[in-house]
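I opened the model and kept notes on a few places as I went. The entries follow in the order in which I looked things up.

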Amino acid sequence: MNYNIALLRGDGIGPEIVDSAVEVLKKIGEKYNHTFEFKAYLAGGCAIDATGEPLPQETIDGCKASDSVLLGAVGGPKWDTLPGHLRPERALLGMRSALGLFTNLRPAKLYPALKDACPLKAETVAKGFDFVMIRELTGGIYFGERGRRQGPGGEEAFDTECYSVAEVERIARVAFETALKRGKKVISIDKANVLESSRLWREVVHRVAMEYPEVECTDMLVDNAAMQLVKNPAQFDVVVTSNMFGDILSDESSQITGSIGMLASASLGEGTVGMYEPIHGSAPDIAGKGIANPIATILSAAMMLRYSFNLEQEAVCIERAVDAVLNKGLRTADIAGNSDVKSLSTKEMTEAILKEI
């Protein structure tokens, strides 16, 4: 099979980790007789430098014409003083909107080989955890009405949280369908004791839950969820929540795995085209040093094979290769920590994974 993949290398360590994932996909293509064609487009800070805007129309058109999109990372201090509509992060919001990507899947798994890197208590680590966070991606406060105005105390700013029944229904169904393939347990995160938008969210999730009697559905307030993620993450299977809550909680869940450099994500819509990216940022402080952890981006490529191309065997091959290198004790600097283990470079870790494939 032939597949066309749009590459958004982005900023900071983005180009380094995307190139690692490309090497892995090429190796998968050789092994399973697939052809992956790659075409690079600008997005984020590099696009601002080249074109004056974070998401050029050429990039949008190129991604729409591709079978899927692989993204590195965007942003950095260089562009922090720009107005909001010109910030590199607007490229992410623009891509999600342009491609209709309303679902973000972020698996959070504690690899046994990395249990010593987990910051939680030993008794909590011993239970392990393996859950997926499903974040609504194109609604809520990040896409609501915003602005500045004069108020009683002078200038004030506002951002509006707004969700429709249809938006909540479609993300809830993704959660319940996902749960059917896992542990048949959904925990919906909201702030229904305070926010009207959360009360609507809860009502709709409960209504959709009636269509899935075999799935257990419970509610949890977001502040409690933040505590439970560090107290007892093993209780979670499928978590579904709003855009902002999901943004915060998924970053928290990444830290309890031992390193933010380990977690992949998939942004999906109604069709097969998705955008796949590591959940970490552009890490400008280590850009160009060749020490970034490529595993999250490589696992994002595995998610692409699974969700956009329906290539389950190939996806599992990559995941097993990552397991194998970790079980051998191979580490990049972020997961080596203060241990005496020799840290591998980005290139060395990529080559180790390629050998396992």
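Is N33 buried or exposed? I noted first that the model is a predicted one. I then looked up the accessibility of N33, which is 65% in relative terms, so N33 counts as exposed. The cut-off for exposed is over 50%. I found N33 in the loop between α1 and β2 (35-40). I also checked its backbone: phi of N33 is positive, near 65 degrees, and N33 is not a glycine. For background, most residues other than glycine have a negative phi.

I looked at A283, which is not a glycine either and has a positive phi of about 40 degrees. I placed A283 in the loop between β12 and α10 (295-307). With a relative accessible area of 23%, A283 is partly exposed, because that class lies between the 20% and 50% limits.

Next entry, helix α1 and its partners. I recorded two numbers for each pair, as packed helices are described by the angle between their axes and the distance between the axes.

I took α11 to begin with. Helix α1 (residues 14-32) and helix α11 (residues 312-327) have axes 11 Å apart and pack at an angle of about 130 degrees. The two helices are therefore oblique to each other. I noted the crossing of α1 and α11 as right-handed. On the α1 side I listed V24, I28, K31 and Y32 as making the contact, and on the α11 side Q313, E314, C317 and I318. I sorted the residues of this contact into five nonpolar, one polar and two charged.

I then turned to α13. The axes of α1 and helix α13 (residues 346-356) cross at roughly 15 degrees and come within 10 Å. That angle makes α1 roughly parallel to α13, because angles under 35 degrees fall in that class. Here I again wrote down a right-handed crossing, for α1 and α13. The contact uses E16, S20, E23, V24 and K27 of α1 together with T346, T350, I353 and L354 of α13. I counted three nonpolar, three polar and three charged residues in the contact of α1 with α13. V24 is in my list for α11 and in my list for α13.

Next entry, helix α4. Which residues of α4 are buried? In α4 (residues 90-99) I found A91, L92, L93, M95, R96 and L99 buried. I looked up what the buried residues of α4 pack against, and the elements are β1 (2-10), α3 (57-64), β3 (68-73), β5 (130-136) and β12 (274-278). After α4 comes G100, and I noted its positive phi, near 65 degrees.

I followed α3 to E58, which is found in that helix. E58 has 59% relative accessibility and so counts as exposed. I checked E58 against M95: the two are 37 residues apart along the chain, and their C-alpha atoms are separated by 12 Å.

Last entry, Q235. I located Q235 in the loop between α8 (222-231) and β10 (238-241). What does the side chain of Q235 make a polar contact with? I found the side chain of Q228, at 2.8 Å. The Q235 side chain also reaches the backbone oxygen of N232, at 3.0 Å. Leaving aside neighbours within four places in sequence, I listed K185, I187, M220 and Q228 as in contact with Q235.

Methods
Residues numbered from 1 in each chain as written. Predicted model: local features only at pLDDT ≥ 70, side-chain atom pairs only at ≥ 80, totals over all residues. Heavy atoms only, no water. Buried < 20%, exposed > 50% of the residue type's maximum accessible area, 1.4 Å probe, protein only. Helix = DSSP H or I, 4+ residues; strand = E, 2+ residues; numbered from the N terminus. Contact = heavy atoms within 4.5 Å. Polar contact = N/O pair within 3.5 Å; in protein donor to acceptor, adjacent residues only side chain to side chain. Axes fitted to C-alpha atoms, helices over the stretch in contact; angles between N-to-C directions. Parallel < 35°, antiparallel > 145°, perpendicular 65-115°, else oblique. Left-handed = near helix turned anticlockwise from the far one by under 90°. Nonpolar A, V, L, I, M, F, W, Y, C, P; charged D, E, K, R; others polar.
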